[in-house]
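Good morning. I will go through one structure, from the whole chain down to a few single residues. Please have a look at it first.

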Amino acid sequence: MIKKFFLFLLFVVLILVGIVLFNTFRFQPNQQAVESVPAPELTETSLQHFQQALSYKTISYGDPSLFDSSQFIGFRKFLEATYPKTHEVLSREIVAGYSLLYKWEGKNADLKPVVLMAHQDVVPIEEATKSMWTVDPFAGVIKDNFIWGRGTTDDKINVIAILETVEKLVIENFQPERTVYIVFGHDEEIGGKGATTIAKLLKDRNIAAEFVLDEGGLITAEKVPGMTKPIALLGTAEKGYLSLKLSVSLPGGHSSMPEKETAIDVLAKGLNTLRGKPFEPEFSEPMHGLMQSLGPEMPFVQRMAFANPWLFKKLILGTYSQSNTGDAMIRTTMVPTIIEAGIKDNVVPTVATAVVNFRLLPGHTSDQVIEDVKKKIDDERVNVAPLNKNVSEPSPVTPINGFGYQKIAGTIKKSYPQIITSPFLVIGATDSRHFTEVSSNIIKFSPMIDPIGFHGIDERVSLESYKTALWFYEQLLRDLQ
Ligand SMILES: [Zn+2]
């Protein structure tokens, strides 16, 4: 009997190993066969234009009273003066005060238009970090093969690379096959009212775009473990955004004769309980796509795991959850960001509140998260409600077999040698999230390589990135059939 059982067990194990190996060897690359064409060298003028663009302090402050309209008007005038042919041939509208919408009429009116996006605004330089910068963040310094400054990576590289390319093509009398809309929002970093208004405008004009391309993904030549080739990560979805206010009201009083439990105690317990019950990790659709695209390019062990997620799910999720960015790719995250209670050291406050920020995986909804949070805390005394109206549901997922994804992935392969393209989930928020009613094919990708200092100190992008970005947009616009 024992022998029979042992033989049966051996049989099961052999079958399992067989399936795993079969899947692993059958796991073939899903990459387009496109040869790259070397990018032309950067010209002195294209570099100067990028440097000049960085000198405008188009800053989005948290405090709206600090908004400096003259910088945005100056930047707009700079664009007009620097790209005169573009402003002659393309129509341009100024929307929501400072956002820009260009239209470049295509040859073939039967083809759906495309939308290229970037944003003019940049994040401020924190007072405490000013002295930590190696260079003046608004001087457009070129040093050590990098262009340095606030906005280099986020997102003036795209504004300038798009306009440099359009200007070059317009001078050649080139006309794109499809109509091209170019959208430059002015307040992406603080919610994107500009982009929202433009999206609504396009929708009201019944414009359905074949695809929308905005920032979000990038090229990484060094950051994916196990990979020897560079990778282009194309965002095919974006996480949702929700902040909840947790509040507790209990009778306060004098601190000399305290109650057994105060509002602060109950709130702290609630927060602690919530943090102790994170949302379950899972594979979203972009994550499945990433495994399908990168898996076949990886060394045997990783390839085997990615080829058999049904068996190695726990292992893969466990590995991802070890780093903060990895964890954010596989989970609806939550973190307390504000906590408030008390006004005087000898008074027990009657109200204690906290704000917890959530980033939702595709497939989750804000309503469901609110319900889950209440269940996790399981204390009626803790009131849970949305902090404000700034809630966005996770974006729909762009299909990777559609025209938009395939066209952009193919263009990346043309523009950068030996690159592997893969979908991925964008953890932050971009202006393109407002465009879901304009197109169901939204791709989030900036053609730059391993940028440094995003939103931080010594923000910079390599000259190689700028060269690649110019080449990418040129090839994309030339081939929009
Ligand atoms: Zn940005």
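Let me start with contacts. Among the contacts in the protein with a separation of 6 or more, 80% are between residues 24 or more positions apart. Two residues are in contact here if their C-beta atoms, placed from the backbone, lie within 7 Å.

Some housekeeping. This is a predicted model, so local features need pLDDT of at least 70 and side-chain atom pairs count only at pLDDT 80 or more, while totals for chains, interfaces and linings use all residues. Residues are numbered from 1 along each chain as its sequence is written.

Now the overall picture. The protein has 14 helices and 18 strands; these are DSSP runs numbered from the N terminus, H or I of at least four residues for helices and E of at least two for strands. Its C-alpha trace spans about 75 × 75 × 45 Å along the principal axes. Of the 481 residues, 42% count as buried. Buried means that 20 or more other C-beta atoms lie within 10 Å of the residue's own, exposed means 12 or fewer, and partly exposed is in between, with C-beta atoms placed from the backbone.

Next, the domains. The assignment, which is automatic or from a database, gives domain 1 (44-225 + 397-478) and domain 2 (237-386). Their centres, taken over C-alpha atoms, are separated by 32 Å. Where they meet, 17 residues of domain 1 are in contact with 18 residues of domain 2. On the domain 1 side, the largest share, seven residues, comes from strand β16 (residues 420-426).

What about the inside? A nonpolar core is a set of buried Ala, Val, Leu, Ile, Met, Phe, Trp, Tyr and Cys residues joined through C-beta atoms within 7 Å. The largest one has 93 residues, and Val 115, Ile 162, Val 183, Val 212 and Leu 234 touch the most other members. Both domain 1 and domain 2 give residues to this core, so it lies between them. A second, separate core has 18 residues, including Leu 242, Leu 246, Ala 352 and Val 373.

Which residues of helix α2 (residues 44-54) are buried? They are His 49, Phe 50, Ala 53 and Leu 54. Seen down the axis of α2, they fall within an arc of 140°, so they line one face of the helix; the arc is that of the directions from the helix axis to the C-beta atoms. The face turned away from that buried side carries the exposed residues Glu 44 and Thr 45. The cover over the buried residues of α2 includes α3, β5 (146-148), α5 (152-171) and α14 (463-478).

In helix α3 (residues 69-82) we find Phe 72. Phe 72 is buried, with 22 other C-beta atoms within 10 Å. Leaving out residues up to four places away in sequence, Phe 72 touches Thr 58, Tyr 98, Gln 120 and His 186.

Most residues other than glycine have a negative phi, and most peptide bonds are trans. Asp 144, not a glycine, has a positive phi of about 50°. Asp 144 sits in the loop between β4 (141-143) and β5, and is exposed, with 10 other C-beta atoms within 10 Å. Asn 173 also has a positive phi, near 65°, and is found in the loop between α5 and β6 (180-185). Finally, a cis peptide bond joins Asp 154 and Asp 155, with omega about 15°; Asp 155 lies in helix α5.
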